[in-house]
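Work through the exercises below with the model open beside you. Each task is followed by a worked solution.

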Amino acid sequence: MESGHMVKISPSEITPEHVFLNRRRFMAAAGATAGALALAGCSTTPLSGRATDLVESDSPAVVVRRPQNLPPALAHTEPTASVNQDELGDPLNKFEEITNYNNFYEFSTNKESVAREAAGFNSYPWQVEITGLVNNPMVLDIDDIYKRYPQEERIYRLRCVEAWSMVIPWVGFPISAILKDAEPKSEARYVRFVTVYRPEEMRGQRSGILDWPYQEGLRMDEAMHPLAILATGMYGKPLTNQQGAPIRLVVPWKYGFKSIKSVVTLEVTDTIPDTTWSAAAPHEYGFYANVNPNVNHPRWSQASERRIGENGRRPTLMFNGYEEEVAYLYAGMDLTRSY
């Protein structure tokens, strides 16, 4: 029960059933073995068999360290997913498409240049702070996050405010898990998310195109919804730098700019947080940013979208196709005003 409304989905519905059951079986087996596997059941086999992986970059000195004990959901050397389509029957986008067409202004405003510009970014080691109106503030290493929170596959549609879309097999865990551990106080109403600020590595942060660091926010009931996740990977592999390594927000019923990348802070507050795009252009980018084919962007229609890898356009679905699961969150609201 959540805010007086019964959530209609279970983990086995969000995650393909056989993946859910396999994860449950794995965790049960892990619980019977030595405690070194902990909650996430970390694999004793590194991603590449070594403690470090080299990442190509213009600088021969750049070495990006990878966690030595990735959980099984992220331990693949080749892109892999348990299914080849989402629940609507739409095929997954290819790994190459997803990793070479990215909005990440911290690196570049050119989608097809982000991967190259982000190659030298060091995403390990990494810490995430949970702070603000919580009884149990925490600072967690990414390795702690892997161990503490079981990583699940989630097949979600991503809809950009620019009217293009993808289908992505994320790996991650519900935001609610980390928030529950932090124990929000009774007055908590919102969660503010902040991206890392490293202008020496993120060339775009040296520009004045936006106020840095990038910030986003969710209402508490949105953040606690079981569809909202913190993603650590995609296609069975850790997130690439251009996707927001090593951890990012994914809220599939909202436009993609809400899904902030390379997160370092979750701050629980009692006031609506400032968000980067809403501050930059409030008449174009509202706080809620729910996918809505009936509310156009001031400069283009949102009634249809271009699926990357396809010809032509397809109709945009209300709440990106997740209306049945999330519409109750906005009961009584005017979504043309609270856009």
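**Exercise 1. Partners of strand β6**

Task: Find which way β6 and strand β13 (residues 304-307) run, and how many bridges join them. Then place the other partners of β6.

Solution: 
- Step 1. Strands β6 and β13 run parallel, and two bridges join them. This is a predicted model.
- Step 2. Look for a facing pair. Trp164 stands opposite Arg306 in β13.
- Step 3. Turn to strand β9 (residues 229-234). Five bridges join β9 to β6, and these two run antiparallel. Here Pro174 has Ile229 of β9 as its bridge partner.
- Step 4. The pairing of β5 with β6 is antiparallel and spans eight bridges. Leu158 faces Met166 of β6.
- Step 5. Inspect the hairpin of β5 and β6. Four residues lie between the strands, and Ala163 has a positive phi near 75 degrees.
- Background: the strands of a sheet pair through backbone hydrogen bonds, in either a parallel or an antiparallel way.

**Exercise 2. The faces of helix α6**

Task: Which residues of helix α6 (residues 175-182) are buried? Decide how they are arranged around the axis.

Solution: 
- Step 1. List them. Ile175, Ser176, Ile178, Leu179 and Ala182 are buried in α6.
- Step 2. Look down the axis of α6. The buried residues fall within an arc of 165 degrees, so they line one face of the helix.
- Step 3. Recall the geometry. An α-helix has 3.6 residues a turn, so residues three or four places apart point the same way.
- Step 4. Check what follows. Just after α6, Glu183 takes a positive phi of about 60 degrees.

**Exercise 3. An open sheet**

Task: In what order do the five strands of the open sheet lie? Name the edges.

Solution: 
- Step 1. The order is β4-β3-β12-β7-β8, with mixed pairing.
- Step 2. The edge strands are β4 (138-141) and β8 (215-219), each of which pairs on one side only.
- Step 3. Ignoring direction, neighbouring strands of this sheet are turned by 15 degrees against each other on average.
- Step 4. Examine one pair. Strand β7 (residues 190-195) joins β8 in the antiparallel sense, over five bridges. Arg192 stands opposite Gly217 of β8.

**Exercise 4. Val128**

Task: Is Val128 buried or exposed? Identify its surroundings.

Solution: 
- Step 1. Locate Val128 in strand β3 (residues 127-132).
- Step 2. Its relative accessible area is 2%, so Val128 is buried.
- Step 3. Leave aside neighbours within four places in sequence. The contacts of Val128 are then Met138, Val139, Leu140, Ile145, Ile247, Val263, Val264 and Leu266.
- Step 4. Take one of these. Val139 is eleven residues from Val128 in sequence, with a C-alpha to C-alpha distance of 5.6 Å.

**Exercise 5. His297**

Task: Which side chain makes a polar contact of 3.3 Å with that of His297?

Solution: 
- Step 1. Find His297 in the loop between α8 (276-280) and β13.
- Step 2. List its contacts beyond four places in sequence: Val161, Glu284, Tyr285 and Gln302.
- Step 3. Pick the partner. The side chain of Glu284 makes the 3.3 Å polar contact with His297.

How values were computed: Residues numbered from 1 in each chain as written. Predicted model: local features only at pLDDT ≥ 70, side-chain atom pairs only at ≥ 80, totals over all residues. Heavy atoms only, no water. Buried < 20%, exposed > 50% of the residue type's maximum accessible area, 1.4 Å probe, protein only. Contact = heavy atoms within 4.5 Å. Pairing = 2+ DSSP bridges. Axes fitted to C-alpha atoms, helices over the stretch in contact; angles between N-to-C directions. Arc of directions from axis to C-beta. Polar contact = N/O pair within 3.5 Å; in protein donor to acceptor, adjacent residues only side chain to side chain.
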